[in-house]
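The following note sets out some points for a colleague who is examining this model. Please read them alongside the sequence and the coordinates.

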Amino acid sequence: MSGNHRVPSHCCNSAEATMSVDHDPTTPRPTGGIDWAGDNHAIAIVGPDGEQLDRSTVTHTAAGLTRLCQRLHRGGVTEVAIERGDGPVIDALLEAGFTVFVIPPIQVKNLRGRYGSAGNKDDRFDAYVLADTLRTDRRRLRPLTLDSPATVTLRATCRARNDLVGHRVALANQLRAHLQICYPAAVGLFADIDSRVTLRFLRRFPDQHRADWLSPKRLAAWLAGIGYCGRTDPAVLHTRLTSAPRGLTGADGEARAQITLTLITALEAITTQITALEDHIEEQLALHPDAAIFTSLPRAGRVRAARLLAEIGDARGRFPTPQSLTCLAGVAPSTHQSGKVKIVSFRWAADKQLRDAVCDFAGDSRRASLWATQLYTRARARGHDHPHAVRILARAWLHVIWKCWQSNTPYDPTRHGAAQALTQHQQAVA
């Protein structure tokens, strides 16, 4: 999904799409299609009667993008269809004054069947399919909508932090697997393998040989020296060290200790950069006009609220209904019905970044909202697993968030009808 410009994943051939822009059918104009590639871009211009008027290829250079816009202008094109909604091509098209429509690649793949049964893939043919689909299905498509520069920047920062968190998790797993072979006692010593106290312990005692020096008294003194605030008694921690399988010693242990220190250094570096990005995120969020809406949500905090804001965006016209938002977020189920057979399944076509942000918030909101707790509990009671129950809760939250977002009003539990009804019921029962 686009990082800078957001489009629904159901742009065409969907009952969920809405008619948001009308055009005068008495003055039809040629339409353009661009098949994006790494080095070259295929262009097709289709006339109002469906005849291909122009087909060409331009290079992915500044001069090539200029020629692309010039050819479209000469062909009388004002509207262009393309498969992705970000990058230099999109910037060039918008700057040149074109209206851009994004048709996802999975839909282009299905649309090829209109023109033949072979299913052949060709860049120039795909450009024609895009242009012709824009000509025939214009009323089903929604123009590309831009977020404000502040939201685009916030989204980039949040996604960069999220990527680094993923790298930190991978490194922590690598460190755990490494220690289970050469130094098992360090794996279960503290709660988390990548916690500050664990990393400091491994830097001071990176192998079994150095850990053998520790006694309960020495371990207690070391923990006091680093300001350890855990509730586990040092004697218990020392018992964990001595009762675990012994690690490698000698030359092999020394070599493995160097690997341990390398992984620790990488983890500490990533953690430092994550903290730096979180500081930037909080600063950007504080300056954003929509900050109050998302920070008012239960257990949203700062980073989670920023991520929700960044993924939903600030262009209200993109989501005319709450259903359009829940569908893009992938928390509304997908229904397949044929005759008497009806199948309701997981929605695969979705903005995965948005779904992850919404589900992350919803899953934790039940710890601060009685209404969210009840929705989640009821879903689990119906036999749904945890991820499914969280998606059900996320769909309910998106209806609330959409209302606050559209009215530019922070969330207030006292004005949330369902939450208030539940609170009054609980008080009456008590």
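Two strands are taken as paired if DSSP finds at least two bridges between them. The model under discussion is a predicted one.

1. The hairpin of S8 and S9. Strand S8 (residues 334–338) and strand S9 run antiparallel and are joined by 5 bridges. Within this pairing, threonine 335 of the chain stands opposite valine 344 in S9. The hairpin has 2 residues between its strands, and glycine 339 takes a positive phi near 65° there.

2. Cover of S9. How many buried residues does strand S9 (residues 341–345) hold among its 5 residues? The count is 0, and the strand is hardly covered. Across the protein chain, by contrast, buried residues make up 46% of the 430 residues.

3. Positive phi at arginine 299. Most residues other than glycine have a negative phi. Arginine 299, which is not a glycine, has a positive phi near 60°. This residue lies in the loop that links helix H11 (291–295) to helix H12 (303–312). Is arginine 299 buried, partly exposed or exposed? Its relative accessible area is 44%, so arginine 299 is classed as partly exposed, the range for that class lying between 20% and 50%.

4. Positive phi at asparagine 408. Asparagine 408 is likewise not a glycine, yet its phi is positive, at about 60°. The loop in which asparagine 408 is found runs between helix H16 (386–407) and helix H17 (417–429). With a relative accessible area of 49%, asparagine 408 is also partly exposed.

5. Overall form. The secondary structure of the protein chain comes to 17 helices and 9 strands. The radius of gyration is 28 Å, whereas a compact globule of 430 residues would have one near 22 Å. Taken along the principal axes, the C-alpha atoms fill a box of roughly 90 × 65 × 50 Å.

6. Contacts. Among contacts of the protein chain with a separation of 6 or more, 64% are between residues 24 or more positions apart.

7. The protein chain exposes about 21300 Å², of which carbon and sulfur atoms supply 53%.

Definitions and conventions. Residues numbered from 1 in each chain as written. Predicted model: local features only at pLDDT ≥ 70, side-chain atom pairs only at ≥ 80, totals over all residues. Heavy atoms only, no water. Buried < 20%, exposed > 50% of the residue type's maximum accessible area, 1.4 Å probe, protein only. Helix = DSSP H or I, 4+ residues; strand = E, 2+ residues; numbered from the N terminus. Rg over C-alpha atoms; globule rule 2.2 N^0.38 Å. Contact = heavy atoms within 4.5 Å. Areas by Shrake-Rupley, 256 points an atom, 1.4 Å probe, with all protein chains shown as cover.
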